[in-house]
Amino acid sequence: MSPLPPLLVARRARTDRSGSTAPAAHGAYDDALDDPELRAARAALVQGRRQAARSLLLRTGDDWDRRGHRLTVLAREPYAAAWARDWLQAEPASADAAALLALARIRRALRGREDPGRAREACARAAALAPADPTPWLGLLRLARTQGADTEVLAAFAEVRRRHPEHHHAHHLLVARLAERPSGGRAEAHEVYDFAEAAAAAAPADSPLAVLPVVALAERHRVLAATGLAPADPTASAHWTGPRARRILRAGFDWWLEWEHDEHPRRHIDLNHLAFALSAAGRPAEAAVLFRRIGPHATRVPWCYPHRDPWLAFRTARARALPVTV
């Protein structure tokens, strides 16, 4: 793999937003997490009404992490591509419609239902309509992460980061890809940890990228377990108790205690990674604090790693950390 581009120093001022914590149905995963406006827009889109999605994306503006999250969730609906195509025909200059179509076609391509070339073309059109928006490049990164060469992955990641250096989803995608590369040395000397720790160190003190090294631990365990180099049950693996792992977990948990921001649209993904890792490391007291904060907002990743029933894994770990008292 060619060297990663240098981590950028310049930062975009973040937009503070807050959201309701209304729960999803018990036992269900909702990719919208705790974003009630997104759930409402998605429900309207399912009924073929695009005005709610149009208004939502207009209000989102250049809050790039939130825009990427909302568009990715909307694009997961089965008829999102058809609705976005109709919307774009009605408003040919709409960057929101173009971005939704691009991400919907990327999702279809990842599921084998769309020509990847058409999906890339849709991303290029969306990028041309909104040059400052990292979201079309996020779509290309999602496709490259599973279907592209290393150079394609790095090029898409560089374009995302050029527009938003702290892009949360993009960093998670690159970490997942890097984790799949051979270690070539000691178990704790993998490049994914070097990258994640460098990104965390370069980000502002209150950036959720501080949790990225914990994500790297989870992604690397996924790969090790899938290849038989670690037990499938994370709690039976020494992966989480080595010196580097202990340092990463301590830093991640300490950051959360001091800097947690309730407004970040993907914060529950970080909380679930922290709870997963602390549970696997046999630290139930710390995990319990996180499970209480997560509430009903369990995420499929990382609890599905490796090839497990995510809801059962989440409930089992939560029960260990929060035993029922009579």
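**Close-up 1. Arg-108 pairs with Glu-114 in a salt bridge.** Arg-108 is partly exposed, at 30% relative accessible area. Here, buried means under 20% relative accessible area, exposed means over 50%, and partly exposed lies in between (1.4 Å probe, protein chains only). Glu-114 has a relative accessible area of 12%, so Glu-114 is buried. The N to O distance in this salt bridge is 3.2 Å. A salt bridge needs a side-chain nitrogen of Lys or Arg within 4 Å of a carboxyl oxygen of Asp or Glu. Why can such pairs form? Side chains of opposite charge can pair when their charged atoms come close.

This is a predicted model, in which local features need pLDDT of at least 70, side-chain atom pairs count only at pLDDT 80 or more, and totals for chains, interfaces and linings use all residues. Residues are numbered from 1 along each chain as its sequence is written, and side-chain values use heavy atoms, with hydrogens and water left out.

**Close-up 2. Arg-244 forms a salt bridge with Asp-194.** Their closest N and O atoms are 2.8 Å apart. Arg-244 sits in helix α12 and Asp-194 in helix α10 (residues 191–202), so the pair ties together parts that are 50 residues apart in sequence. Helices (H or I, at least four residues) are DSSP runs, numbered from the N terminus. Arg-244 is buried, at 13% relative accessibility. Asp-194 is partly exposed, at 42% relative accessible area.

**Close-up 3. Arg-267 forms a salt bridge with Asp-34.** The closest N and O atoms are 2.1 Å apart. Arg-267 belongs to helix α13 (residues 267–280), while Asp-34 lies in the segment before α1 (36–46), so the pair ties together parts that are 233 residues apart in sequence. Are these two residues buried or exposed? Both Arg-267 and Asp-34 are buried.

Close-up 4. How many salt bridges does the whole structure hold? A search finds 25.

**Close-up 5. Ser-237 lies in a loop.** This loop runs between α11 (212–226) and α12 (243–259). Ser-237 is buried, at 9% relative accessibility. Which atom does its side chain reach? The Ser-237 side chain reaches the backbone nitrogen of His-239 at 3.0 Å. Setting aside neighbours within four places in sequence, Ser-237 is in contact with His-221, Ala-230 and Pro-231. Contact means heavy atoms within 4.5 Å.

Note on methods
Helices (H or I, at least four residues) and strands (E, at least two) are DSSP runs, numbered from the N terminus. A polar contact is a pair of N or O atoms within 3.5 Å; within protein, one must be able to donate a hydrogen and the other to accept it, and residues adjacent in sequence count only if both atoms are side-chain atoms.
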